[in-house]
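Let's take a walk through this structure together.

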Amino acid sequence: MVPAVFYAHGHGKDDFVDAAAILATRPAIADAIVTHRISLDEAPRAFAVAADRAAGAIKVNLTP
């Protein structure tokens, strides 16, 4: 997994590390969070979906 962004790091903890640990124990959570999977060839559409609140996007993944 290669993160693009993580939320915070401080107080000796990283949000990304915590999130990865939770996903490791409950991988089905990702299915609820990743609402759209769009090919890299359609990157402009993926960014449009991510920006459109009416599309219902939570997380949009670009896939090769």
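Take arginine 45: its relative accessibility is 43%, so it counts as partly exposed. Keep in mind that what you're looking at is a predicted model.

Now for the overall layout. The protein has three helices and four strands, and if you follow the sequence along, they come in the order β-β-α-α-β-α-β. There are 64 residues, and 8% of them count as buried. The protein exposes about 5200 Å², with carbon and sulfur atoms supplying 62% of that area. As for how the chain meets itself, take the contacts with a separation of 6 or more: 29% of them involve residues 24 or more positions apart.

Next, zoom in on helix 3, which covers residues 43–51; here Ala43, Ala46 and Val49 are buried. Seen down the axis of the helix, its buried residues fall within an arc of 120°, so they line one face of helix 3. Here's the general idea behind such spacing: an α-helix has 3.6 residues a turn, so residues three or four places apart point the same way. What do the buried residues of helix 3 pack against? Their partners are strand 3 (34–39) and strand 4 (59–63). Turn to the other side of helix 3 and you'll find Pro44, Phe47 and Ala51, which are exposed.

Finally, have a look at leucine 40, which sits in the loop between strand 3 and helix 3. Leaving aside residues up to four places away in sequence, leucine 40 touches Leu62, Thr63 and Pro64. Threonine 63 is 23 residues away from leucine 40 along the chain, yet their C-alpha atoms are separated by 5.4 Å. Leu40 also belongs to a nonpolar patch on the surface, together with Phe47 and Leu62. Between them, these three residues have about 310 Å² of accessible area.

Methods:
Residues are numbered from 1 along each chain as its sequence is written. This is a predicted model: local features need pLDDT of at least 70, side-chain atom pairs count only at pLDDT 80 or more; totals for chains, interfaces and linings use all residues. Side-chain values use heavy atoms; hydrogens and water are left out. Buried means under 20% relative accessible area, exposed over 50%, partly exposed in between (1.4 Å probe, protein chains only). Helices (H or I, at least four residues) and strands (E, at least two) are DSSP runs, numbered from the N terminus. The arc is that of the directions from the helix axis to the C-beta atoms. Contact means heavy atoms within 4.5 Å. Patches are made of residues with over 30% relative accessible area and no salt bridge: like charges are joined within 9 Å, nonpolar side chains (Val, Leu, Ile, Met, Phe, Trp, Tyr) within 5 Å. Accessible areas come from the Shrake-Rupley method with a 1.4 Å probe; for residues, only the protein chains shown count as cover. A salt bridge is a side-chain nitrogen of Lys or Arg within 4 Å of a carboxyl oxygen of Asp or Glu.
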